[in-house]
Amino acid sequence: MKHYKVLFFLILIIYQSCKKDKTESQSDQRIQNISIYTIGDSTMADKPNPEENPERGWCQLLPQFLNNNATVKNHAVNGRSTRSFIAEGRWDSVYQQMKKGDYIFIQFGHNDQKINNPNRYTNPHTAYRNNLIKFVSETREMGATPVLFTSIVRRNFNEEKTLVDTHGEYPQEVRSVAQEFNVPLIDLQYLTEKLEEAYGVNDSKKLHLHYAPNEIPYYPKGKEDNTHLSVLGATEVARLAVNALNEKVEGFDAFTKTN
């Protein structure tokens with residue numbers, strides 16, 4: 001009888017061990033299949049012809065900071081606001097693809113303030129706010145995690161070398177929605193403000209697209225763009241975003257190389 005009891009306990013131990021291994025394997029597989037959907041405007045979007053084009057969106061360079069457990073699916077598009085992103089069916093496309101455990105990074109504002117374009121403009125306190133809430137609530141319906149980002153700053157120094165805000169009340173609405181609905185917030189406005197100031201009035205040009213005529217083949221007529229990002233600028237912003245995500249979003253460090 002004692003032998004049967006010993007045999008029973010051995011079988012039970014082996015079974016529990018196999019069950020644990022299977023559970024851990026399934027958990028690892030779930031992490032490996034995580035997708036990060038990014039929705040927003042040109043400051044995030046993938047840019048064509050990277051061999052020649054010096055412009056980058058910061059989400060285009062996000063993968064270099066992530067490990068093999070996460071895949072970036074960048075749905076950000078040049079010139080889009082919350083209104084046009086929804087109206088063009090782009091949000092529906094993301095909504096239909098996302099699954100439980102995924103992340104949705106949301107950064108709009110640059111084009112929502114285009115008051116002369118009714119297809120893009122949104123009142124920050126009404127349409128813009130409610131569009132953000134729509135993104136958040138529908139993301140959660142699918143079991144995914146929304147993360148709100150304030151817009152990156154423009155390089156806009158005045159004559160006294162003070163960096164002046166250009167986004168008005170839109171970033172504050174992002175913060176308000178994040179607080180009210182308990183959404184992780186990455187305050188890229190603040191982080192990139194500090195970045196621009198750290199580089200200074202002249203060196204901050206390196207973060208953007210400043211080229212004299214014929215300096216590079218891609219811009220034969222030259223370029224002076226204080227909104228969009230160079231490779232350096234996009235890399236710096238992506239690094240700031242990932243560091244903040246590791247700090248503010250529980251468990252996100254499982255997907256980054258800094259883990």
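User: What share of the contacts between residues at least 6 apart in sequence join residues at least 24 apart?
Analyst: That comes to 73% in the protein chain. Keep in mind that this is a predicted model.

User: Noted. How many helices and strands are there?
Analyst: The chain has seven helices and nine strands.

User: And what percentage of the residues count as buried?
Analyst: Of the 259 residues, 46% are buried. As for the surface, the chain exposes about 13,900 Å², and carbon and sulfur atoms supply 50% of that area.

User: Let's go inside. Which residues touch the most other members of the largest nonpolar core?
Analyst: Trp 58, Tyr 103, Phe 105, Phe 149, Leu 188 and Phe 252, in a core of 34 residues. Helix 7 (231-248) is among the elements that supply at least two residues each, along with strand 1, strand 3 (70-74), strand 4, strand 5 and helix 6 (188-203). Helix 7 gives the most, with seven residues.

User: What does Phe 105 touch, not counting residues up to four places away?
Analyst: Its partners include Ile 36, Ile 39, Met 44, Leu 62, Val 147, Phe 149, Leu 245 and Phe 252. Tyr 37 is also one of them, and Tyr 37 belongs to a second, separate core of 21 residues that includes Phe 85, Met 98 and Phe 108 as well.

User: Switching to helix 4. How far does it reach from first C-alpha to last?
Analyst: Helix 4 spans residues 127-141 and reaches 21 Å, close to the 21 Å expected for its 15 residues. Just after the helix, Gly 143 has a positive phi of about 80°.

User: Which of its residues are buried, and what covers them?
Analyst: The buried ones are Tyr 128, Arg 129, Asn 131, Leu 132, Ile 133, Phe 135, Val 136, Glu 138 and Thr 139. Their cover includes helix 2 (82-87), helix 3 (90-97) and helix 5 (170-180), plus strand 1 (34-40), strand 4 (103-107) and strand 5 (145-149).

User: What does its side chain make a polar contact with?
Analyst: The side chain of Trp 91, at 2.7 Å. Leaving aside neighbours within four places in sequence, Glu 138 is in contact with Tyr 95 and Met 98 as well as Trp 91. Met 98 is also in that second core of 21 residues.

Definitions and conventions:
Residues numbered from 1 in each chain as written. Predicted model: local features only at pLDDT ≥ 70, side-chain atom pairs only at ≥ 80, totals over all residues. Heavy atoms only, no water. Helix = DSSP H or I, 4+ residues; strand = E, 2+ residues; numbered from the N terminus. Expected span 1.5 Å × (residues − 1). Buried < 20%, exposed > 50% of the residue type's maximum accessible area, 1.4 Å probe, protein only. Contact = heavy atoms within 4.5 Å. Areas by Shrake-Rupley, 256 points an atom, 1.4 Å probe, with all protein chains shown as cover. Core = buried A, V, L, I, M, F, W, Y, C linked by side-chain atoms within 4.5 Å. Polar contact = N/O pair within 3.5 Å; in protein donor to acceptor, adjacent residues only side chain to side chain.
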